[in-house]
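Me: I am new to this structure. Please walk me through it in short steps.

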Amino acid sequence: MLSIKNLTVSIHGKQIIKGLNLEVKEGEVHAIMGPNGSGKSTLASVIAGREMFDVDEGEITYMDQDIFDMAPETRAREGIFLGFQYPVEIPGVSIANFLRTAINEKRKYLGLEPMTGAEFLKLMEEKKKMVEIHSKLTNRSVNEGFSGGEKKKNEIFQMAMLEPRLAILDETDSGLDIDALKVVANGVNKLRRPDNATIVITHYQRLLDYIVPDFVHVLYDGRIIKSGGKELALELENKGYDWVKKETKTDTVS
Amino acid sequence: MNTMHTTLMKDKLLELFETEQQNIRGNATPMVNRIRKHALTRFKTNGFPTTKKESWRFTDLTPLLNTEFAFDFRNQSKSTDIEKIFTCDVYDLDTYSQTLLNGWLIYKHAPLTKLADGTIVGSLAKAMEVYPDLVDNYLGKAAATDQHEMAALNTAFLQDGLFIFVPDNTKVEKPIQLINIVNAEQPVFLQPRHLVIVGKNASITLVHCDHSLTHNISFTNTVLEVFAEEGAKVEHYKMQNKGRNSALVTHSFFHQKQNSRVSSNIITLNGGFTKNIVEATIDGTNCESEHYGLYLVDSNQHVDNQLNIDHRAPGSTSNQLYKGILDDEAKAVFSGKVLVRRHAQQTQAFQNNKNILLTDEAKANTQPHLEIYADDVKCSHGATVGQLDPDAMFYMRSRGLCERTARQMMMIAFAGEVVQKISIDALRARIQNMVEKRLKGELSICEQCVLHCNSKEPTSFNIDLSKL
């Protein structure tokens, strides 16, 4: 589904991602872990189409299409979803209006009739239940005045509404208490399907107690320096990132 | 060169005043004529405002005065059947409407009407004959002709406009709508004068619309005086959708007694040149004075909003929120002044002006100005000039919205903060709709305008003058 080959990315002349490779197939959940500043969020932004970064080298294909030929909105309509680490506040734009427009622009792109008001409301109620939103969050302006937990819940709710093929969750767990974390993880698990894939970017292992990954990658200084199964996350938790760093250095020497 | 235009225009006006004195004075009361004389002296001394004056620094009138304007000091339109040339197309807006055609109030039955609740509505010229004491008590008391050159000019030449008197304890049920129409074959210079007196604990909603029916050059210099007596409640809405060749200077003077509430809402959707001057004098305790404004301008339009809030008494609140979106080479000026006098303790005064510039050529000048002489007050001001938030733009695009839709949604939301303040449902829905159309580029000029200035074949009008 997603194939990243030798990706090199810089911002203002400073290299952040330095030759990264990653393969994600349908039905898989990948976790990308790593210390602060290793390039995790940059990777997520580049896949989603943020224009502030310069792609110096390498390629990303999504469903066999070159992703760099597609505008961010095209990527979204093709099924890529980015859950933001810091969701943006958009005063005066209600979540309902925002999502209805997003869904209908996607449907138009796919050659489908726009969703009617009634259909949309029904879908919204269904998805609210799924991600355990009971409040009237959807009548409010997008993220405006939301608590940290509400913002993250809202990201998962939007993901549920948009039903992406590839979801990238950028530190969705940061700043969440354990209850909110469970709600977010539950939402992600309920949305898992054999034909979609999820990339979970996280700093801590604890999210992976609830979202069980098929693969864990350690991103350090712009490269994936170690990949493994879900047990790698536990090992990291016990031994810390220094352990991988040392191991990698030894590898390089030998 | 420019000074020449203003001098020529000034001389012409002074000369006109001499030759047309009989007509201009009409049946005005001796008191009104004394006020007129004083104002004329001010105009003689001060002339037109120039960019040397702080409040006109970014707004230059002089190019507009280089036109051969026609003046008409006799009422030629009083019995025009207005429904033949104009009907307001705001659906479900149930108002008691009054129409001004080229500066004169036109009417079907009588120039002044007493509504069932005792409210008097109609022509100011007629009110000066029928209710001279009422007019003399108020007219000119709020419009400061010493400070405002254009208000002095209006006062010197005042003849007609809307007159409203709401007796004490009277709630006027329907909004009163004033439709000010310019429909002339040649460039005209008009100076309507409105006087609104709202008695103790009375309330009124006033909807003031400016329209042009031709795309001829016109210059309208309006003065509105509103007196809110103790406990009175006044809502004032000022809309405009004018042709690109129109210039509009509008003064709104509010005088507030204790416990009164005034809210003004100025929506500028189109117009070549627009200057709004809003002045509120808070002359009593526990008043509220709310002033909202929205301007959506493009091409080379120019809009200037000048607010002066004068807190003369303690314990009152004022609030200013003006927002604008500027496209192409449009220019906007905002100057908001709050004066808190020494005795006006426990004043709360807030001011905010936000601008979005869509191009590098669009320009906004914003000047907040607080002058505070009391020491126990709560005041704040803020001003922003910027582009749409790029982070929000990316966030919206990452959900599948194209750039254009995302931009429109953000702009509509930005304008919405002001539109939401409109308390008349039908009017709010209409303005919301017009704002959306405007921002989607579907409303480039007054929808109502049958001339459809964008089309190649303008329709011509025939006002039936045989009825005069």
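Me: What share of the residues in chain A is buried?
Reply: This is a predicted model: local features need pLDDT of at least 70, side-chain atom pairs count only at pLDDT 80 or more, and totals for chains, interfaces and linings use all residues. Residues are numbered from 1 along each chain as its sequence is written, chains are lettered from A and ligands numbered from 1 in the order in which they are written, and side-chain values use heavy atoms, with hydrogens and water left out. Buried means under 20% relative accessible area, exposed means over 50%, and partly exposed lies in between (1.4 Å probe, protein chains only). Of the 254 residues in chain A, the buried share is 53%.

Me: Which radius of gyration does chain A have, and what would a compact globule have?
Reply: The radius is taken over C-alpha atoms, and the globule rule is 2.2 Å times the number of residues to the power 0.38. For 254 residues that rule gives a value near 18 Å. Chain A agrees with it, at 18 Å.

Me: How many helices and strands are there in chain A?
Reply: Both are DSSP runs, numbered from the N terminus: helices (H or I) need at least four residues, strands (E) at least two. By that count chain A has eight helices and twelve strands.

Me: Why is strand S1 of chain A largely enclosed by the rest of the structure?
Reply: S1(A) covers residues 2-11. It is largely enclosed because, of its ten residues, the number buried is eight.

Me: Which strands of chain A pair with S1(A)?
Reply: Two strands pair if DSSP finds at least two bridges between them. Strand S2 (residues 14-24) pairs with S1(A) in the antiparallel sense over eight bridges, and Ser10(A) has Gln15(A) in S2(A) as its bridge partner. Ser3(A) stands opposite Thr61(A) in S4(A).

Me: Which residue takes a positive phi in the hairpin of S1(A) and S2(A)?
Reply: Most residues other than glycine have a negative phi. This hairpin has two residues between the strands. The positive phi, near 45 degrees, is that of His12(A).

Me: Where is Asn143(A), and is it buried or exposed?
Reply: Asn143(A) is not a glycine, yet its phi is positive, about 65 degrees. Its place is the loop between strand S8 (141-142) and helix H5 (148-162) of chain A. With 0% relative accessibility, Asn143(A) counts as buried.

Me: What is the phi of Glu171(A)?
Reply: Glu171(A) sits in the loop between strand S9 (166-170) and helix H6 (178-190) of chain A. Its relative accessibility is 7%, so Glu171(A) counts as buried. Although Glu171(A) is not a glycine, its phi is positive, at about 45 degrees.
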